[in-house]
Amino acid sequence: MTSAAADGGASVAAEARGPVIGSASRGQAASISNQDRREGVELSLDQLGSRAGYTGSYVGAVERATEMPLRAFAVRIDKALDAGGAIVRLWDGLLKESIYPPWFDWPEHERKAIALRSFQLALIYGLLQTEAYATDLLYGDKATVTARMARQSILTREDPVPPMLICLLDEAALLRDVGGPEVMREQLEHLLASASENVNIHVVPSRRHRGVAGSFVLATLEDRSEVAYVETAVRGITTGEPKDLRTASERFEAIRSLALPVDQSLERIERIKVERWT
């Protein structure tokens, strides 16, 4: 588990470190991918992946414990290997209760996403923060600030193409003083400059809505699977459970229905910049 303090999109601890892969986690991953059973029936990674609807490289990544398999993966692999539910039972026993194993790294999923849907209740989303804003928010922790700035490169990369980002910002995040007027003015100017066809920013007027419980992000991966990151008072939780994903998606759409259109949102940001921070 990792702390979500002063977050805005991914836990501080997760940003400051790379994936940590322990021997126990490697053994769990190998069990879920069932490498021994695959090799016993003389199937290559590509052959098993083809049967289960995944690429061979993804199956291999699970075996190497560099990817966290969702339950759907265990179900498909179990069926492909005619394992009679054994692999699914392994997943349930080994990983279901481990909501955020140390090797399940949110920034890694964020990096691989083809689309991101973010709702931020109190702070500017991490991928849209300026360095000055992040520095004040993170109490000058240079390593974590550097890591946060590095994460933002996914929005301007050329290969692969950047993810589509839809960011819902509660208006309160634009009014909260982080670093003083100069930092906030620069931050709001950065939001205005960041808006594009691939980066849609919507302001959610401060009122009662289904996002008052906290911030969260939904990442859609290339295989159309989804992973969610949810902030709580004590930690950030990364989950791929279907029930959690459905709840988060429904909540996101409910909040989006109350958000201002992009053009009106940018006008609101400009107005707050001038009236509040100038």
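## Ser215 and its surroundings

In this predicted model, the side chain of Ser215 reaches the backbone nitrogen of Leu121 at 2.9 Å, where a polar contact is a pair of N or O atoms within 3.5 Å, one able to donate a hydrogen and the other to accept it, with residues adjacent in sequence counting only if both atoms are side-chain atoms. Ser215 is found in the loop between β3 (199-204) and β4 (216-220), and is buried at a relative accessible area of 7% (buried means under 20%, exposed over 50%, with a 1.4 Å probe and protein chains only). Leaving aside neighbours within four places in sequence, Ser215 is in contact (heavy atoms within 4.5 Å) with residues including Phe119, Leu121, Tyr229 and Glu231.

Residues are numbered from 1 along each chain, and side-chain values use heavy atoms, without hydrogens and water. Local features need pLDDT of at least 70 and side-chain atom pairs pLDDT 80 or more, whereas totals for chains, interfaces and linings use all residues.

## Helix α12

The buried residues of α12 are Val183, Met184, Gln187, Leu188, Leu191 and Ser194. They cover an arc of only 130° around the axis, which puts them on the same side of α12; the arc is taken from the directions from the helix axis to the C-beta atoms. The face turned away from that buried side carries the exposed residues Glu182 and Ala193.

Technical notes. Helix = DSSP H or I, 4+ residues; strand = E, 2+ residues; numbered from the N terminus.
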